[in-house]
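Please examine the sequence and the model below before reading on.

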Amino acid sequence: MPPRFLKLSDVQEILNISSPQAYALVRTGDLPAIQVGGRGQWRVEETQLEAYIERQYAATREQAKERETR
């Protein structure tokens, strides 16, 4: 069974982004996450990451449509 939650380092690898970019996604709320443990480490539910990716695809499609109508 795959893990339900991903570390931010996993998110970075999956999205091919830097650590500051991953933290920014979480801090702004674009990518919902929770803090766990005494050190407050961030965890992202896999379904939330997939939903974020789908939202980004939808936003990109909308931007492309807007460019076509100009």
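Is Glu45 buried, partly exposed or exposed, and what is its relative accessible area? In this predicted model, Glu45 has a relative accessible area of 21%. Because buried requires a value under 20% and exposed a value over 50%, Glu45 is classed as partly exposed.

## Salt bridges

The structure contains 2 salt bridges. One of them joins Arg4 to Glu45, with 2.7 Å between the closest N and O atoms.

Glu62 has a relative accessible area of 43%, so it counts as partly exposed. As a general point, side chains of opposite charge can pair when their charged atoms come close.

## Packing of helices α1 and α2

Two packed helices are described by the angle between their axes and the distance between the axes. For helix α1 (residues 8-15) and helix α2 (residues 19-28), the axes come within 9 Å and cross at roughly 110 degrees. Because angles of 65 to 115 degrees count as roughly perpendicular, this description applies to α1 and α2.

Helix α1 contributes Leu8, Gln12 and Leu15 to the contact, and helix α2 contributes Ser19, Ala22, Tyr23, Leu25 and Val26.

## Nonpolar surface patch

Phe5, Ile34 and Val36 make a nonpolar surface patch of about 210 Å². Of these residues, Ile34 is part of strand β2 (residues 34-36). The relative accessibility of Ile34 is 39%, so this residue counts as partly exposed.

## Glu50 in helix α3

Helix α3 spans residues 46-69 and includes Glu50. With a relative accessibility of 41%, Glu50 is partly exposed. The C-alpha atoms of Glu50 and Leu31 are 9.8 Å apart, and the two residues are separated by 19 residues along the chain.

How values were computed
Residues numbered from 1 in each chain as written. Predicted model: local features only at pLDDT ≥ 70, side-chain atom pairs only at ≥ 80, totals over all residues. Heavy atoms only, no water. Patch = residues over 30% accessible without salt bridge, like charges linked within 9 Å, V, L, I, M, F, W, Y side chains within 5 Å. Areas by Shrake-Rupley, 256 points an atom, 1.4 Å probe, with all protein chains shown as cover. Salt bridge = Lys/Arg side-chain N within 4 Å of Asp/Glu carboxyl O. Helix = DSSP H or I, 4+ residues; strand = E, 2+ residues; numbered from the N terminus. Buried < 20%, exposed > 50% of the residue type's maximum accessible area, 1.4 Å probe, protein only. Axes fitted to C-alpha atoms, helices over the stretch in contact; angles between N-to-C directions. Parallel < 35°, antiparallel > 145°, perpendicular 65-115°, else oblique. Contact = heavy atoms within 4.5 Å.
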